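Dear colleague,

Please find below the structure for your review. My findings follow directly after it.

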Amino acid sequence: MTSPDPAHERVPIDQLRDLIQLGAMLPFRLLDAQGRLLLGEGQVVATERQFEQLHERGAWAERERVEAVRAANAAPAAAPPTLFHRWERLVWDLDATLQRLAGQLAAPHEVVDLWRRAQALLDRDPDVALFMAVRQDDRRFALYALTHSLHTASLAALAARQLGWDDARVQSLACAALTMNVAIVRLQAQLAEQRDPPNLRQREAIERHPLAGAQLLRTIGVADDEWLAAVEQHHEEPGGGGYPRKVAAPCEAAQLLRLADMLMAKLTPRAHRPAMAPRLATRDVFLADPDKRLSTAIVRVLGVYPPGSVVQLKTGETGVVTRRASGGQGPWVRVLAGGSVGRTVDTSAAADAIVQGVPMPAGVARVYPEQVYGLILVE
């Protein structure tokens, strides 16, 4: 009888407490009970509550890697609080909030407070928020529902501001984005890693989730009509082609949320398909909008090559977009060379112009935001 491969043996997270320091970079990756990625090596467990949530999900690390870390006594270096850590912490705080909401234990202000924290990070650097939405290389399917909702909220809020919405309407829309899938959070994780089409039971849950989610929100005391309508109608299409009620004229917030939701879904990789190129995704969203007004706002927010896009320059170099065009400059690009990040280029210069979008170059598995933006410290 052969013994199991040590690389696949599991060390439960409760046996790793000495190697996991809050706010420090992980020296190994953590997976959930189904073997799906929760946190990659170099990412951070920010709070005790996040550690508990990881434990609840059955988090574990590969024994071979854990033993190597222990043997080297490689205590992780303390990481300074950065903008990227704050976004990661919001993922886990949203997880806790949606779990409480599903159990009818949350209050509406918890969602609002979480959005206001996200809004502060979005205001600090919208290009970083868009980069993280577009450049999703880590394929954390177990957290898909959470990251998708946060990215959709960011994009929808930026588009709403482009349209001139006031702060109250932007907040209603963003809270709807954060809670639109509360009824199918676990199912979304399954579907993200599932290679087969949804089965009958899954399709029925998908069909019901807008109404079920809105009802949950009413039960916990949400009284914001636009928030509720956006959740209830975010899969309805003008003309009556959507679901679950085939509403012919969904509200404006629901229409904008539908388009932002659609775009983020196309930009996110799944087990059965890679992420769609940003230019193709925005084209599809534009075609799905009958009067083009809302989709035009989204396109204006993103630009032709949004942050996170991989592009080829006229010089022949390949790079990743970090800043949108602004004030006659950009988009700005960080060159990718030999598996590392090189110089910063203002592509408004003719000699350095962007030629086209391209796939990630061979040898570059992932581009972390810290690599291209540096450590953006926050209080």
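**Sheet, helices and contacts**

In this predicted model, five strands make up an open, antiparallel sheet in the order β8-β7-β6-β5-β9. Strands are DSSP runs of E with at least two residues, helices are runs of H or I with at least four, and both are numbered from the N terminus; two strands pair if DSSP finds at least two bridges between them. The edges are taken by β8 (340-346) and β9 (354-357), each of which has a single partner strand, so one side of each lacks a neighbour in the sheet. Strand β5 (residues 310-313) pairs with β9 in the antiparallel sense over three bridges, and Gln-312 stands opposite Gln-356 in β9.

Helix α5 (residues 126-134) is largely enclosed by the rest of the structure, because eight of its nine residues are buried (under 20% relative accessible area, with exposed over 50% and partly exposed in between; 1.4 Å probe, protein chains only). Among the buried residues are Asp-127, Leu-130 and Phe-131. At the start of α5, a side-chain oxygen of Asp-125 comes to within 3.2 Å of the backbone nitrogen of Asp-127.

Gln-171 lies in helix α7 (residues 167-179) and counts as partly exposed, at 22% relative accessibility. Beyond its neighbours within four places in sequence, Gln-171 is in contact (heavy atoms within 4.5 Å) with Val-112, Trp-115 and Arg-116.

Residues are numbered from 1 along each chain as its sequence is written. Local features need pLDDT of at least 70, side-chain atom pairs count only at pLDDT 80 or more, totals for chains, interfaces and linings use all residues, and side-chain values use heavy atoms, leaving out hydrogens and water.

Yours sincerely

Conventions:
Polar contact = N/O pair within 3.5 Å; in protein donor to acceptor, adjacent residues only side chain to side chain.
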